Amino acid sequence: MMKLNEEANEIHKKYFQLLESENVNDSIADSYEKQLANITENREEFTFIHFQKLKAICKPDQIKLFNDFIVELGKILAGPKGPPPPHQ
């Protein structure tokens with residue numbers, strides 16, 4: 001996962017450096033966007049598999065706690081609801 005994070009950080013850096021140019025090369029920007037989407041997909045898959053493995057080692061009495069945790073985790077990952085607070 002650390003490798004994926006490092007890759008994403010490097011691509012983000014290159015992606016936003018494109019804004020320093022007068023004329024942004026759209027094909028390069030698209031390439032960076034696709035790379036970032038691929039990394040995001042890999043992160044999600046890695047995380048999902050991690051939790052599948054974790055559930056597989058749960059004892060029967062731990063399954064409900066695990067499932068409750070996953071519901072709460074889903075809420076956290078979905079982010080806050082509503083608009084952001086106003087700037088002052």
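Mentor: A pocket is an open set of points on a 1 Å grid over the protein atoms alone, with protein on both sides within 12 Å along at least five of seven lines for a 1.4 Å probe, and lining residues have an atom within 4 Å of a point. This is a predicted model, where local features need pLDDT of at least 70, side-chain atom pairs count only at pLDDT 80 or more, and totals for chains, interfaces and linings use all residues. Residues are numbered from 1 along each chain as its sequence is written, and side-chain values use heavy atoms, without hydrogens and water.

Trainee: How much space lies in the largest pocket?

Mentor: Its lining includes Arg43, Thr47, Phe51, Phe66 and Leu77. The volume (space filled by probe spheres set on the points) is about 300 Å³.

Trainee: Which element gives the most to that lining?

Mentor: Two helices (DSSP runs of H or I, at least four residues), α2 and α3, each give two or more residues to the lining of the largest pocket. With 7 residues, the element that gives the most is α2.

Trainee: How are α2 and α3 oriented to each other?

Mentor: Helix α2 covers residues 26–56 and helix α3 residues 63–78. They pack at about 160°, with axes (lines fitted to C-alpha atoms) 10 Å apart. Angles over 145 degrees count as such, so α2 and α3 are roughly antiparallel.

Trainee: Which residues of α3 make the contact with α2?

Mentor: On the α2 side, Phe51, Leu54 and Lys55 take part in the contact (heavy atoms within 4.5 Å). The contact residues of both helices divide into 7 nonpolar, 1 polar and 1 charged. From α3 come Ile63, Phe66, Asn67, Phe69, Ile70 and Leu73.

Trainee: And how are α1 and α2 oriented to each other?

Mentor: Helix α1 spans residues 2–17, and its axis comes within 10 Å of that of α2, crossing at roughly 160°. Among the residues in contact are Leu4, Ile11 and Tyr15 of α1 and Tyr32, Leu36 and Ile39 of α2. The two helices are therefore roughly antiparallel.

Definitions and conventions. Axes are lines fitted to C-alpha atoms, for helices over the stretch in contact, and angles run from 0 to 180 degrees between N-to-C directions. Angles under 35 degrees count as roughly parallel, over 145 as roughly antiparallel, 65 to 115 as roughly perpendicular and the rest as oblique. Ala, Val, Leu, Ile, Met, Phe, Trp, Tyr, Cys and Pro count as nonpolar, Asp, Glu, Lys and Arg as charged, and the others, Gly among them, as polar.
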